[in-house]
Structures are given as structure tokens and as C-alpha cells.
Amino acid sequence: MTVSVAPEARQRASLSYGQEEGYTSAAEVTFSACPDSDTVYVGGFFISGDGRFCLPLDVQVGKAPARRIVIPVFSAACRA
């Protein structure tokens, strides 16, 4: 599965991901399933400005077309 910040939002937002090595900022994170344990997202989002934002993400599983989701970050209403 790959999670990407939508191209039109990359100047304002990015994903953070990391564990023992520290956290890094990226436009996209790809997860690979672990055969004998859970796969987790250890991270968050970097949002510039005042922090209020409707964050569009594109989520792709395998070779299926990406699906757009929108996460309200300190924002009450967001359109999908």
C-alpha cells in the first residue's frame, strides 16, 4: 500500500515516518506487509501555515487505481 500527499498539496503538507532512525518528511510512504506481525504507521503529518488544512491523500493498494481521501486537520469541514 502506498499513501501519497496529493500533488496539489505538497507545498503545504508532507508525511512524517520513522522509528529508531528518527523522523523524515516525505510526499509518499509505501508499506509492505509483514508476514508474521502487524504493519504500523509510526508517524504523522507536517502541515505549514496555521495548521488548519483539508489534507488530500491518495491511497493505492497493489495495482488498483489510487483512491482519494481527505483528512480534516484542525478543520471542521472538508470535501472529499
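This is a predicted model: local features need pLDDT of at least 70, side-chain atom pairs count only at pLDDT 80 or more; totals for chains, interfaces and linings use all residues.
Cys54 lies in strand E6 and Cys78 in the segment after E7, so that, at 24 residues apart, the pair links distant parts of the chain. If you follow the torsion about the S-S bond of these two cysteines, you will find a value of about -85 degrees, and the disulfide is therefore left-handed.

Keep both residues selected and show the surface. Cys54 has a relative accessible area of 28%, which makes it partly exposed, and Cys78, at 27% relative accessibility, is also classed as partly exposed.

Next, select residues 53-60, strand E6, together with residues 67-73, strand E7, which pair in the antiparallel sense over seven bridges. Within this pairing, look for Val59, which stands opposite Arg67 in E7. The two strands form a hairpin with six residues between them, and in the turn you can pick out Gly62, whose phi is positive at about 60 degrees.

Now widen the view to the open sheet of four strands, whose order is E4-E1-E6-E7, with antiparallel pairing. At its edges are strand E4 (28-30) and E7, each of which pairs on one side only. From one strand to the next, the twist averages 20 degrees.

Finally, select strand E1 (residues 2-5) with E4, and trace the three bridges over which they pair in the antiparallel sense; here Val3 has Val29 in E4 as its bridge partner.

Definitions and conventions: Residues are numbered from 1 along each chain as its sequence is written. Side-chain values use heavy atoms; hydrogens and water are left out. Two strands pair if DSSP finds at least two bridges between them. Axes are lines fitted to C-alpha atoms, for helices over the stretch in contact, and angles run from 0 to 180 degrees between N-to-C directions. A disulfide is a pair of cysteine sulfur atoms within 2.5 Å. Buried means under 20% relative accessible area, exposed over 50%, partly exposed in between (1.4 Å probe, protein chains only).
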